[in-house]
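Open the model in the viewer and keep the sequence panel beside it. The stops below say what to select and what to look for there.

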Amino acid sequence: MSRLPRLKVDSGPGWYHLCSRVAGSPDWFPFDDPAARQKLYDILRFYLNVYFCDTAGFCILSNHYHLLVRFLPFRKLADSELLQRAKLLYPSPEKKLRTKKQRRRFNQRLFDVSELMRNVQMACAKWYNLNHNRRGAFWAERFKSVLLQDPQAILDALLYVELNPLRAGLVQRPEDWQYGSAHLRALGQDDWLIPLHELIGKMPGMPTVERFRALLYHRGAVQSKPGTGAIPPEILLQEQQRGFRLGGLFRKRLRWYSDGLVLGSQQQVQKWVDRMRQTGRYLRRKRPIRKRLGQADIFMLREQRKLQNPAHAPAKPFPPPH
């Protein structure tokens with residue numbers, strides 16, 4: 001059964017919600033082992049530093065993890081920059097950059113989300129199998145990748161990711177989960193993450209961290225901590241204007257945040273539908289799928305796993321974006 005090729009932004013920054021789950025039985029939880037969970041965290045930190053991307057949020061759970069990243073626009077790197085990055089990956093970096101072709105391929109790789117995930121997945125699987133006398137596939141199927149096309153989709157995806165431990169019943173507050181970005185922000189150890197004010201803007205008279213925590217509590221139906229007061233009326237008004245009531249909508253699993261291909265405004269998602277239909281890679285429908293999020297709408301492109309008559313409709317290169 002054929003799959004669609006991975007969707008990637010070909011110009012400008014690209015925002016991705018990434019998710020990967022381990023293979024094996026549903027009750028196998030390798031990351032319940034603190035050593036394995038710490039190792040995956042260290043691997044993520046290492047490769048996120050190698051590749052040209054910024055991290056907005058993450059969450060490592062018992063048998064899967066989530067990552068929200070922004071890949072920077074591709075640019076041609078100087079040979080000195082390529083060598084600096086290659087030294088992080090290889091014992092003999094000069095051998096990997098001998099020819100112009102090698103340097104060009106390595107340059108492209110550093111801006112590629114698939115290459116980032118390939119390194120993370122391989123490093124984690126190799127470490128786990130070696131340290132647990134295990135053989136075979138560690139990760140189930142290919143990783144999930146959802147392209148986020150507007151600021152609201154990015155913010156909603158971040159809130160959804162950071163509420164994962166709450167949905168799983170592991171903690172009562174998202175910041176109590178040690179291996180998540182909400183925890184680092186609560187401790188003030190988030191200097192390697194994208195600053196929150198870039199994601200939610202600034203509100204006069206209200207610290208950005210507190211505003212973000214209020215959004216988390218509202219979406220997760222979490223009561224405010226004693227001594228910190230109720231959720232500020234500004235947040236309640238903002239959420240009510242978007243149609244959210246204090247009922248914990250994000251306490252439910254919303255499959256489109258991990259199983260979709262593109263999330264965003266109707267106009268942005270329509271561009272992807274049109275581009276993919278032009279190439280024969282998507283024949284399912286002509287319009288984005290509409291879902292209700294509170295009383296607001298979110299639009300999406302879902303995967304079509306089997307192409308119709310692929311032999312008669314070969315895939316063509318993507319046309320340039322409008």
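For helix packing, axes are lines fitted to C-alpha atoms, for helices over the stretch in contact, and angles run from 0 to 180 degrees between N-to-C directions. Helices (H or I, at least four residues) and strands (E, at least two) are DSSP runs, numbered from the N terminus.

This is a predicted model, in which local features need pLDDT of at least 70 and side-chain atom pairs count only at pLDDT 80 or more, while totals for chains, interfaces and linings use all residues. Residues are numbered from 1 along each chain as its sequence is written, and side-chain values use heavy atoms, with hydrogens and water left out.

**Whole chain**

Select the whole chain. It has 13 helices and seven strands. Of its 322 residues, 50% count as buried, where buried means under 20% relative accessible area, exposed over 50%, and partly exposed in between (1.4 Å probe, protein chains only). The accessible surface comes to about 16,600 Å², and 50% of that belongs to carbon and sulfur atoms; such areas come from the Shrake-Rupley method with a 1.4 Å probe, and for residues only the protein chains shown count as cover. Among contacts between residues at least 6 apart in sequence, 70% join residues at least 24 apart. Contact here means heavy atoms within 4.5 Å.

**Stop 1: α1 and α5**

Select residues 34-50, helix α1, together with residues 113-131, helix α5. The two pack at an angle of about 150°, with their axes 10 Å apart. They are therefore roughly antiparallel to each other; angles under 35 degrees count as roughly parallel, over 145 as roughly antiparallel, 65 to 115 as roughly perpendicular and the rest as oblique. The crossing of α1 and α5 is right-handed. A crossing is left-handed if the near helix is turned anticlockwise from the far one by less than a right angle, and right-handed if clockwise.

Show side chains at the contact. From α1 come A35, A36, K39, L40, I43, L44, Y47 and L48, and from α5 come L116, N119, V120, A123, C124, W127 and Y128. By class, this contact of α1 with α5 has 13 nonpolar residues, one polar and one charged. Ala, Val, Leu, Ile, Met, Phe, Trp, Tyr, Cys and Pro count as nonpolar, Asp, Glu, Lys and Arg as charged, and the others, Gly among them, as polar.

**Stop 2**

Is A36 buried or exposed? A36 counts as buried, at 1% relative accessibility. Leaving out residues up to four places away in sequence, A36 touches P30, F31, W127 and Y128. For a distance check, pick S62: A36 and S62 are 26 residues apart in sequence and 9.9 Å apart in space, C-alpha to C-alpha.

Now move to Q121, in α5. Q121 is buried, with a relative accessible area of 11%. With residues up to four places away in sequence not counted, Q121 touches S20, Y65, W139 and F143.

**Stop 3: R70**

Select strand β3, residues 64-71, and find R70 in it. At 18% relative accessibility, R70 counts as buried. Which residues are in contact with R70, leaving aside its neighbours within four places in sequence? They are P13, G14, W15, F52, C53, D54, I194 and E198.

**Stop 4: α2 and α4**

Select residues 79-89 (helix α2) and residues 100-109 (helix α4); their axes come within 11 Å and cross at roughly 70°. These helices are therefore roughly perpendicular to each other. In α2, D79, L82, R85, A86 and L89 meet R103, F106, N107 and R109 of α4. By class, the contact of α2 with α4 has four nonpolar, one polar and four charged residues.

**Stop 5: α6 and α10**

Select residues 151-162 (helix α6) and residues 208-220 (helix α10), whose axes come within 10 Å and cross at roughly 70°. α6 and α10 are therefore roughly perpendicular to each other, and their crossing is right-handed. On the α6 side the contact is made by Q152, L155, D156, L158, L159 and E162, and on the α10 side by F212, L215, L216 and R219. By class, the contact of α6 with α10 has six nonpolar, one polar and three charged residues.

**Stop 6: R213**

Stay on α10 and select R213. R213 counts as buried, at 18% relative accessibility. Not counting residues up to four places away in sequence, R213 touches E175 and A186. R213 and A186 are 27 residues apart in sequence, and 8.8 Å apart in space from C-alpha to C-alpha.
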